[in-house]
Amino acid sequence: MNILITGGAGYIGTHTCVELLEAGHEIIVVDNFSNSLPVALERVEKITAKSVLVYEADISDSQKMSAIFSAHVIDAVIHFAGFKAVGESVKEPLKYYANNVNGTLVLLAEMQRAGVKTLVFSSSATVYGLPETLPIKESFPTSATNPYGRTKLMIEEILSDFYLADDSWRIGILRYFNPVGAHKSGQIGESPNDIPNNLMPFISQIAVGKRDKLRVFGGDYPTPDGTGIRDYIHVIDLAKGHLSALNHLAETQQKGMGELLTVNLGTGQGYSVLEMIKAFEKASGKTIPFEIVARRSGDIAACYSDSSYAKQMMGWKPLYGLEDMCKDAWHWQKNNPNGYEK
Ligand code: NAD
Ligand code: UD1
């Protein structure tokens, strides 16, 4: 297949590019490098020994997007491009609505114009808001607690309306739980621009000596050790989930049908912050100093998926466990202490 990937230079995008190229697909990346660097795609080329066609463009630029769709025969789009920092979205909501929601509207309009009707979209477990029970199934009610989450929810609703209007489309909505880890080569991985907001990149930076101490947000949650529990998933498993979704949607197309499929991509296994610290210490041989501080506003006690629907619908299941997640995150961080920066 010839697949257009928006945001393909980012953390999940690069890993997905590798998996797609290794599966024999052709890819075209559109990225404005607002949160990434071109060198990440050079690393993808190095790992796969294949070349990647890259357009530096904003997905909200309909002229550029139209030219890209005119210049290529595209079978499907994987749509990663968007901003993802929850705290920033609270401070600058318009930036998030403009980039995430408007960007998606432009992309959909250009896909429609070009007759490209297969789309895989990056959603998030954040759309479950405060789940009443665990594990989380796709059928659970959705809500948002911040503008970032609301953009994901809005886009899901837009896609649902879009499908209702033309049910010959094939749309896969993938709700990611907590992506961590890196490619086995240690060549690509998560490279935050600033102080990391998320747990795993913060721990990795402590291990490599860039930060002193982890602040564990909350030691009084109703969990076995009092710290927050999340469903961490290896980014390679996540990347493979996109291939499974594309293959599944291609089968739907072969049957002459359309589909709107929403699935969780998680492992179904939750780990606490303290368990993550211990696992990372074991994988890296480094000590991770920490102190328990107040809860972070907007956090929930526990969040983990029921991932059986992805297996049932697309034959996908995660292959990697916590040890690989920590080992691979550490391999990347150790080789690239400053991420992609020189
Ligand atoms: P990332 O920031 O590393 O990658 C996003 C990429 O999109 C970047 O390369 C950025 O430059 C590009 N981009 C942003 N806006 C763009 C625009 N208007 N036009 C063109 N390119 C643009 O993020 P990621 O972690 O790889 O996440 C990818 C997607 O998955 C995002 O939509 C994110 O919201 C979603 N998601 C991520 C997580 C996570 O924890 N990483 C969890 C759930 C969902
Ligand atoms: C965060 C976002 C969520 C987003 C997800 C993936 C918030 C409130 N939520 O989720 O919307 O979909 O990232 O990008 O930002 N922790 C610490 N110390 C730290 C960092 C984290 O103790 O310095 C704890 C958190 O309290 C949480 C766990 O580690 O219990 C995981 O945190 P994080 O990696 O930020 O992910 P989420 O909170 O699940």
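## Charges over rings

Arg-211 lies over the face of Phe-202, 5.9 Å from the ring centre. A second case is Lys-95, whose charged end sits over the ring of Phe-83, 5.0 Å from its centre. A charge sits over a ring when NZ of Lys or CZ of Arg is within 6 Å of the ring centre and within 35 degrees of the ring normal.

## Basis of the model

This is a predicted model: local features need pLDDT of at least 70, side-chain atom pairs count only at pLDDT 80 or more, and totals for chains, interfaces and linings use all residues. Residues are numbered from 1 along each chain as its sequence is written, and side-chain values use heavy atoms, with hydrogens and water left out.

## Aromatic pairs

Rings of Phe, Tyr and Trp (its six-membered ring) pair if their centres lie within 6.5 Å; planes under 30 degrees apart count as stacked, over 60 as edge-to-face and the rest as tilted. By this rule there are 5 aromatic pairs. Among them, Phe-162 and Trp-169 are edge-to-face, at 4.6 Å centre to centre and 75° between the planes. Phe-162 is buried (under 20% relative accessible area; exposed is over 50%, partly exposed in between; 1.4 Å probe, protein chains only), at 16%. Trp-169 is buried too, at 1%.

Phe-280 and Trp-330 have ring centres 6.1 Å apart and planes at 80°, so this pair is edge-to-face. Phe-280 lies in helix H9 (residues 273-284) and Trp-330 in helix H11 (residues 322-335), so the pair ties together parts 50 residues apart in sequence. Helices are DSSP runs (H or I, at least four residues), numbered from the N terminus. Phe-280 is buried at 0% relative accessible area. Trp-330 counts as buried at 8%.

Notes: Chains lettered and ligands numbered in written order. Helix = DSSP H or I, 4+ residues; strand = E, 2+ residues; numbered from the N terminus.
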